[in-house]
Amino acid sequence: MVEGLKITFLGTGTSQGIPVIGSTHPVCSSKNPKDRRLRVSVLISWNNHNFVIDCGPDFRQQMLREKVTKLDGILFTHEHADHTAGLDDIRPYFFRQGDIPIFAHERVLTSLSKRFDYIFADANRYPGAPAVKTNKIQNNNPFRIANRTAIPIEAYHNRLQVFGFRIGDFTYLTDVKTIAHEELTKIKGTKVFVVNALRIEPHHSHFNLEEALALVEELKPQKTYFTHISHHMGFHDEVEKTLPKNVHLAYDGLKVTL
Ligand SMILES: [Zn+2]
């Protein structure tokens, strides 16, 4: 039997995380744990399967915090460092399980193979280097992750193409500024929707709060969680009070089942 999905927010922060190193901004000194945000990532679990979307610089502590003993694969949204810099830390999984499946756009696979050349090397491999099994994602080509289907959803982060993913009634989009109408039809009917909302002020490559809320209004998912949040968004508890019913700011460690 295919169990329902358990979603764990591993990180909900923007590229620098919160607190930002050396920042004196009040949100960076907040004592509320919901105002501390690691780099953005989510864990999707069902039956005995665990997949993550993105693998940023906080991957190691995220896997330790959530006690993830087995990793079945990584789906990448795009190549920016806050989504990829933790790839070396798949080593413990590689030692136990062998090559770790990764799923990404061809451009992202090329970028990863330059940054982590030793992971992708065919010859003269350093003993102890991890290895991956690459899976190319193309738009309009749903792919299998264990016994489920992942539907890629194409969007744009300023001019950079990014992929979001729909798995069953769960849809995850991050680092989006624009998305075509045809892509939105793939999301319709989603129950739990996660989308980036950076801050109140507009930004060249991310939805701000107003743009994210407008998309929610159009799609009308049952529940929405905002992620990839900057300290400029404000205090979690204060922003939360201003949001419509069924729309929330995500926070690190939050778990949602569907
Ligand atoms: Zn990002």
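1. β3, helix α1 (residues 59-65) and β4 make up a β-α-β unit that is right-handed. The term means that, with the strands pointing away from the viewer, the path from the first strand over the helix to the second runs clockwise. Helices (H or I, at least four residues) and strands (E, at least two) are DSSP runs, numbered from the N terminus.

2. A word on the source. This is a predicted model, in which local features need pLDDT of at least 70, side-chain atom pairs count only at pLDDT 80 or more, and totals for chains, interfaces and linings use all residues. Residue numbers start from 1 along each chain as its sequence is written.

3. Strand β3 (residues 49-53) has 4 of its 5 residues buried. A residue is buried if 20 or more other C-beta atoms lie within 10 Å of its own, exposed if 12 or fewer, and partly exposed in between, with C-beta atoms placed from the backbone.

4. What does β3 pair with? Strand β2 (residues 41-46) runs antiparallel to β3, and 5 bridges join them; strand β4 (residues 73-75) pairs with β3 in the parallel sense over 3 bridges. Two strands pair if DSSP finds at least two bridges between them. Phe-51 in β3 is the bridge partner of Ile-44, and Leu-75 in β4 is that of Ile-53. The hairpin of β2 and β3 has 2 residues between the strands, and Asn-47 there takes a positive phi near 40°.

5. These strands belong to an open sheet of 7 strands, in the order β6-β5-β4-β3-β2-β1-β14, with mixed pairing. β6 (132-136) and β14 (255-257) are the edge strands, each pairing on one side only. Neighbouring strands are turned by 20° against each other on average, direction ignored. Such axes are lines fitted to C-alpha atoms, for helices over the stretch in contact, and angles run from 0 to 180 degrees between N-to-C directions. At the β6 end, strand β5 (residues 100-104) pairs with β6 in the parallel sense over 5 bridges, and Ile-100 stands opposite Val-132.

6. Another open sheet of 7 strands has the order β7-β8-β9-β10-β11-β12-β13, again with mixed pairing. Its edge strands, β7 (143-145) and β13 (247-249), each pair on one side only. Here neighbouring strands are turned by 25° against each other on average, direction ignored. Strand β10 (residues 170-172) runs parallel to strand β11 (residues 192-196), joined by 3 bridges; Tyr-172 has Val-194 as its partner in β11. Helix α7 (residues 209-219) lies across β11, β12 (223-227) and β13, at about 155° to β11.

7. Leaving aside neighbours within four places in sequence, its contacts include Thr-77, His-78 and Asp-175. Contact means that the C-beta atoms of two residues, placed from the backbone, lie within 7 Å.

8. For the whole protein, the count is 8 helices and 14 strands. The radius of gyration, taken over C-alpha atoms, is 18 Å, close to the 18 Å that the globule rule gives for 258 residues, so the protein is as compact as a globular protein of that length. The rule is 2.2 Å times the number of residues to the power 0.38. Of the 258 residues, 41% count as buried.

9. The UniProt annotation "domain: Metallo-beta-lactamase", from an unreviewed entry, covers residues 38-228. UniProt positions are given in the numbering used here, feature names are shortened, and annotations may be inferred rather than shown by experiment. Over residues 38-228 the chain is 25% helix and 30% strand.
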